[in-house]
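Colleague: I would like to learn how to read a few local features from coordinates. Could we take them one at a time, with the general idea ahead of the case?

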Amino acid sequence: MKRTLWQNLKLCPHGDPGHAVENAAIAVEDGKIAWLGAAAELPAQFAEWPREDLGGAWVTPGLVDCHTHLVYGGQRADEFAQRLAGVSYEEIARQGGGIVSTVRATRAADEAALFAQSATRLEALLAEGVTAVEIKSGYGLDLASERKMLRVARQLGERYPVTVRTTFLGAHALPPEFAGRADDYIDEVCERMLPALADEGLVDAVDVFCERIGFSLAQSERVFEAAARRNLAVKMHAEQLSNSGGAALAARHRALSADHLEFLDEAGVAAMKEAGTVAVLLPGAYYFIRETQLPPLDLLRRYEVPIAISTDSNPGTSPTTSLLLMMNMATTLFRMTVPEVLQGVTRHAAQAFGDAERHGTLAAGRPADFAVWTVQSLAELAYWIGRPLCARVVRGGETVFERRAYERRAYERRV
């Protein structure tokens with residue numbers, strides 16, 4: 001039985017700075033929190049436990065990145081350069097670029113190569129205090145390649161100290177071999193791909209890109225119905241480029257989340273509120289594609305819809321591995337407040353992630369998964385750009401990342 005009393009810390013247990021405890025302690029027994037609160041109120045039974053002094057650092061729940069496409073082959077930096085030089089996205093697509101190029105690279109890569117590329121991206125998230133990450137498929141678009149992506153996602157969760165939940169996004173785009181046959185491809189997704197992958201234990205949730213350049217409401221609903229037959233949770237890429245009514249459809253199916261939402265209307269917001277569907281905002285994609293339509297923050301606030309923030313880490317529209325940067329972008333671009341973005345990467349993100357019982361909040365009986373920060377104020381998490389702020393990541397009561405040790409190893413590799 002391992003016991004540790006983490007002391008001399010400032011505690012923000014729910015991601016809300018308004019309920020922080022300035023001089024706090026956390027008692028951890030066998031990986032779970034036995035007690036936490038003001039140090040002055042520490043029960044006598046914990047007073048003699050072995051101690052770990054955090055030097056007055058801030059402690060928050062481990063961060064949750066609830067929307068990523070972390071597993072894929074290749075990259076699209078050259079296409080980015082082409083767009084900057086004035087080449088249209090359509091022309092790049094005609095040349096074999098765009099999502100087709102990522103599908104091609106992902107299909108060509110074996111599991112070992114995909115794992116190596118994806119692990120680098122995951123390590124960057126872990127170094128910023130992330131202890132839970134959702135990983136979508138959707139760059140394979142055939143059974144073998146989607147299986148490969150989901151297997152790699154599972155391996156990342158097994159080999160790294162982070163909770164990984166997998167999402168099957170077969171309905172991400174139309175693969176070249178199904179050009180002009182979207183309904184036939186949805187048949188393939190619903191009748192062959194999803195059942196096989198679910199039976200293999202590779203799927204935790206199902207997503208669909210409901211958009212004019214993706215799939216229709218009717219096609220999206222077919223995917224949701226197929227997920228329901230397997231008792232799988234659903235999510236949706238919705239209202240990113242137009243108001244298609246996708247968020248309302250997601251809400252009717254009690255989706256965990258509807259994501260992007262720049263063109264969301266009040267009817268969609270009301271439906272999400274009634275269903276308990278989380279609004280996941282993705283400022284990286286908003287920034288990268290130079291969108292000008294802002295998500296309806298005032299409506300989401302008025303209806304008290306939980307708002308999460310995520311990286312949307314992907315090669316085409318959000319090539320980032322920094323959840324802290326997304327917090328900054330959410331405040332500067334979307335005018336969200338510091339408490340909103342902190343809860344957006346902890347408590348509310350855990351709801352969208354589908355595991356709010358384990359992640360997003362620190363409380364007695366829960367796993368001791370938390371991040372330790374080298375900041376004077378929690379506002380710094382959304383303030384600094386590109387500065388390493390996470391001093392330590394603790395998972396199950398054990399330190400799994402420490403900044404000084406990480407930097408020392410990097411220095412030793414250089415010299």
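Modeller: Let us start with contact, which means heavy atoms within 4.5 Å. Leaving aside residues up to four places away in sequence, proline 367 touches Gly31, Lys32, Ile33 and Arg358. This is a predicted model, in which local features need pLDDT of at least 70 and side-chain atom pairs count only at pLDDT 80 or more, while totals for chains, interfaces and linings use all residues. Residues are numbered from 1 along each chain as its sequence is written, and side-chain values use heavy atoms, with hydrogens and water left out.

Colleague: Where does proline 367 lie, and is proline 367 buried or exposed?

Modeller: Helices (H or I, at least four residues) and strands (E, at least two) are DSSP runs, numbered from the N terminus, and proline 367 lies in the loop between helix 14 (347-353) and strand 13 (370-373). Buried means under 20% relative accessible area, exposed over 50%, and partly exposed in between, with a 1.4 Å probe and protein chains only; proline 367, at 13%, counts as buried.

Colleague: How many disulfides are there?

Modeller: A disulfide is a covalent bond between the sulfur atoms of two cysteines, and the rule applied here asks for a pair of cysteine sulfur atoms within 2.5 Å. By this rule the count is zero. Cysteine 12 is in no disulfide, since the nearest cysteine sulfur, that of cysteine 390, is 14 Å away, and cysteine 12 is buried at 1% relative accessibility. For cysteine 66, the closest cysteine sulfur belongs to cysteine 12 and is 18 Å away, too far for a bond.

Colleague: How should I read aromatic pairs, and how many are there?

Modeller: A pair of aromatic rings is described by the distance of the centres and the angle of the planes. Rings of Phe, Tyr and Trp (its six-membered ring) pair if their centres lie within 6.5 Å, and planes under 30 degrees apart count as stacked, over 60 as edge-to-face and the rest as tilted. The count comes to 10 aromatic pairs. One of them, tyrosine 72 with tyrosine 139, is edge-to-face, at 6.1 Å centre to centre and 70 degrees between the planes.

Colleague: Why does that pair tie together parts that are 67 residues apart in sequence?

Modeller: Tyrosine 72 lies in the loop between strand 5 (63-65) and helix 1 (77-84), and tyrosine 139 in the loop between strand 6 (130-136) and helix 5 (143-159), so the pair joins parts 67 residues apart in sequence. Tyrosine 72 is buried at 6% relative accessibility, and tyrosine 139 is buried at 3%.
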